[in-house]
Amino acid sequence: MVQVAYNELSDINKAWLFTGADAWAFPHNDPDQAIDFSGFPSNSTFVLDQYIDLINNSTLGLYFQITATILSGTPSAWSSLSSNAGSISPAGGTLAFLWQPKRTCPTSRVLETLRVKVAAYSDVSYSVLYGEDSIDFTYHFFSHSSGGVKDFTDFEEGSWEGWAQTSGFGTITIQYAYSGSSSVKMFKSGVNNYTVDSSGQKIPNQDHYISKTYDLSGYAHAYLVIHSTRHVAGSGDEYAKILRIWTSTKDFIIRVNRASATFNPIRIAVPLPCVNDTVKIASGFNSDTSCMWIDSIIITTFSS
Ligand SMILES: [Ca+2]
């Protein structure tokens with residue numbers, strides 16, 4: 001896929017799912033999802049947030065329904081796979097629907113694939129089908145504690161530890177740390193680093209970022225794990241809600257949930273292509289009270 005900024009894509013470009021000639025859906029997240037379960041109790045259940053934008057350009061009111069089947073994996077470990085999104089008005093109605101499948105914490109690394117179907121019905125009882133389409137999501141569950149350590153950066157040396165940054169972006173600060181006492185404040189003075197795209201989602205720009213080049217060729221799987229935090233509340237802090245991680249072939253746009261307490265750490269993981277490439281990380285921000293801090297970055301690898 002040609003690398004184009006998310007906010008430069010039209011609705012049709014983003015629409016991976018067509019439920020009719022004039023009704024479609026696109027998922028905000030990449031179909032390759034990674035979940036690092038290191039440190040989680042075995043009785044944990046993960047809620048895997050997946051925003052799906054639904055657009056109705058037809059002349060009918062449509063009712064959307066999300067369902068999923070397990071193509072590979074352990075069906076009994078999954079729940080909350082079906083969800084009714086409700087009605088969307090005709091002639092341009094939209095909805096950013098939050099689909100939240102659940103999965104119990106695995107005990108070992110596993111890749112599981114779900115076929116996610118988005119169906120549109122023209123009646124409130126979801127019986128008259130207007131159209132449907134599906135997409136396969138692959139969930140990579142792994143523990144960074146059992147993988148090889150390609151990189152561990154915790155910014156505790158007071159240096160960038162090999163990470164580059166665009167001019168003026170990011171400051172190593174002694175605050176909001178989960179490991180040690182230092183973190184990187186993802187901020188540049190006087191800059192608003194976000195764009196509102198056509199779906200209303202706020203997307204970090206690709207102008208300001210930290211980056212590092214890795215040779216991951218030869219590994220079967222590699223994952224980037226970030227421990228970050230952000231403010232609980234604050235005017236405009238939703239700009240700091242989106243973390244963007246990209247390589248030359250991938251562009252992950254991740255909504256970071258609001259921390260349950262200010263500066264509680266939040267873990268984010270993405271699968272990385274196993275090639276020699278540069279990883280870039282940015283978040284949205286608009287002032288020094290509305291930004292993210294990155295406390296540690298791990299790249300873990302698996303040979304099979
Ligand atoms: Ca740290």
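Two strands are taken to pair if DSSP finds at least two bridges between them. In this predicted model, β1 and strand β2 (residues 23–27) meet that criterion, pairing in the antiparallel sense over three bridges, and within this pairing Gly20 stands opposite Ala23 in β2. Both strands belong to an open sheet of four strands, arranged in the order β1-β2-β5-β9 with antiparallel pairing. Because β1 (17–20) and β9 (93–99) each have a single partner strand, they form the edges of this sheet, and one side of each is left without a neighbour in it. Direction ignored, neighbouring strands of the sheet are turned against each other by 20° on average.

Further antiparallel pairing involves strand β6 (residues 62–72), which is joined by five bridges to strand β8 (residues 83–88) and by nine bridges to strand β11 (residues 110–121).

The largest nonpolar core comprises 69 residues, of which Leu54, Phe64, Met186, Tyr223, Leu224, Ile245 and Val270 touch the most other members. Residues are contributed to this core by both domain 1 (6–142) and domain 2 (147–302), and the core therefore lies between the two domains. For Leu224, when neighbours within four places in sequence are left aside, the residues in contact are Ile245, Ala269, Val270, Leu272, Val279 and Ile299; among these, Ile245 and Val270 are themselves listed with Leu224 as touching the most other members of the core.

Note on methods: Residues are numbered from 1 along each chain as its sequence is written. This is a predicted model: local features need pLDDT of at least 70, side-chain atom pairs count only at pLDDT 80 or more; totals for chains, interfaces and linings use all residues. Helices (H or I, at least four residues) and strands (E, at least two) are DSSP runs, numbered from the N terminus. A nonpolar core is a set of buried Ala, Val, Leu, Ile, Met, Phe, Trp, Tyr and Cys residues joined through C-beta atoms within 7 Å. A residue is buried if 20 or more other C-beta atoms lie within 10 Å of its own, exposed if 12 or fewer, and partly exposed in between; C-beta atoms are placed from the backbone. Domain bounds come from an automatic or database domain assignment. Two residues are in contact if their C-beta atoms, placed from the backbone, lie within 7 Å. Axes are lines fitted to C-alpha atoms, for helices over the stretch in contact, and angles run from 0 to 180 degrees between N-to-C directions.
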